[in-house]
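Subject: Handover of a structure and its description

Dear colleague,

Please find below the sequence and structure that I am passing on to you.

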Amino acid sequence: MSSTVESIGRMSLASLALAILSISSSHADGLQATAEIKGCTNPAISGTATLVEQVTPEGVKEVTVEMKVKGLTDGKHAVHIHEVASCEPCGSAGGHFDPGPFGQSRPDSATDEVPAKDINHPYHMGDLINLEVKDGVGTMKHTTNRVTLSPGRLGLFDDNGSAFIVHTNADTYCDQESDLKKGCAGGSRDACGIIRPAP
Ligand SMILES: [Cu+2]
């Protein structure tokens, strides 16, 4: 008798756990995007990126970015989503995607004699993490809730679209006052890829 009660207890615990799991996990909403990554000046650099949007039980949209790029130098390279879907030249991708009210999209103090006080990096919505390159192959996977593929205030497919930029150096995330200096967001641009909705 007691073993029957125990096994029923176990069963209901297991189904409860399953129910909690299915309630708490995010689900894909079917929205996906891709980008073909190309070197800004070096044709040996090429790669791809995929973006998949998921929605949490609370309705928060999360986008998982996976990127693979060949031909970059070994080490870390900053990756951000920039504010314009344009890669020719790479500078035409503009600053970091940041549709917020302050409009401070420039990545760092690259052109300033004295570092600017108003650098918003790493708080731009398009700020991601470094791509790590080993033996010429770089990979990166990151989930962000700062951007969406669906329409909305954080939507990447706004009037002028969006693009990835892969930089020459690592992003140090400019997270210390002393770090607010030229190139702290990765320096010059090595590669670019326009983000397009996947069919
Ligand atoms: Cu950038």
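The notes below go from the model as a whole to individual residues.

This is a predicted model, in which local features need pLDDT of at least 70 and side-chain atom pairs count only at pLDDT 80 or more, while totals for chains, interfaces and linings use all residues. Residues are numbered from 1 along each chain as its sequence is written.

Confidence is given as pLDDT, the predictor's score for each residue from 0 to 100. The protein chain has an average pLDDT of 86, and 80% of its residues score at least 70. Where pLDDT is low, the predicted coordinates should not be read in detail.

Among contacts with a separation of 6 or more, 66% join residues 24 or more positions apart.

Nine strands form an open, antiparallel sheet in the order β4-β6-β7-β3-β2-β1-β9-β8-β5, where pairing requires at least two DSSP bridges between two strands. At the edges are β4 (75–77) and β5, each of which pairs on one side only. Neighbouring strands are turned by 20° against each other on average, direction ignored; the axes are lines fitted to C-alpha atoms, and angles between N-to-C directions run from 0 to 180 degrees. The antiparallel strands β5 and β8 are joined by four bridges, and H80 has I165 in β8 as its bridge partner.

Of the 199 residues, 35% count as buried, that is, with 20 or more other C-beta atoms within 10 Å of their own; 12 or fewer makes a residue exposed, and a count in between partly exposed, with C-beta atoms placed from the backbone. The largest nonpolar core has 37 residues, and those with the most contacts inside it are V69, V79, A163, F164, V166 and C192. Such a core is a set of buried Ala, Val, Leu, Ile, Met, Phe, Trp, Tyr and Cys residues joined through C-beta atoms within 7 Å. Two or more residues come from each of β1 (27–39), β2 (46–55), β3 (61–70), β5, β6, β8 and β9. Leaving aside neighbours within four places in sequence, V69 is in contact with residues including I37, L131, V166 and A191.

H77 deserves a separate note. This residue is found in strand β4 and counts as buried because 25 C-beta neighbours lie inside 10 Å. H77 and E132 are 55 residues apart in sequence, yet their C-alpha atoms are 6.5 Å apart in space.

The peptide bond from E88 to P89 is cis, with omega near -5°, and P89 lies in the loop between β5 (79–82) and β6 (131–134). D135, which is not a glycine, has a positive phi near 50°; it sits in the loop between β6 and β7 (137–144) and is exposed, as 7 other C-beta atoms lie within 10 Å. Y173, also not a glycine, has a positive phi of about 70°. Y173 belongs to the loop between β8 (163–167) and β9 (189–197), and its 17 C-beta neighbours inside 10 Å make it partly exposed.

With kind regards

Notes:
Two residues are in contact if their C-beta atoms, placed from the backbone, lie within 7 Å.
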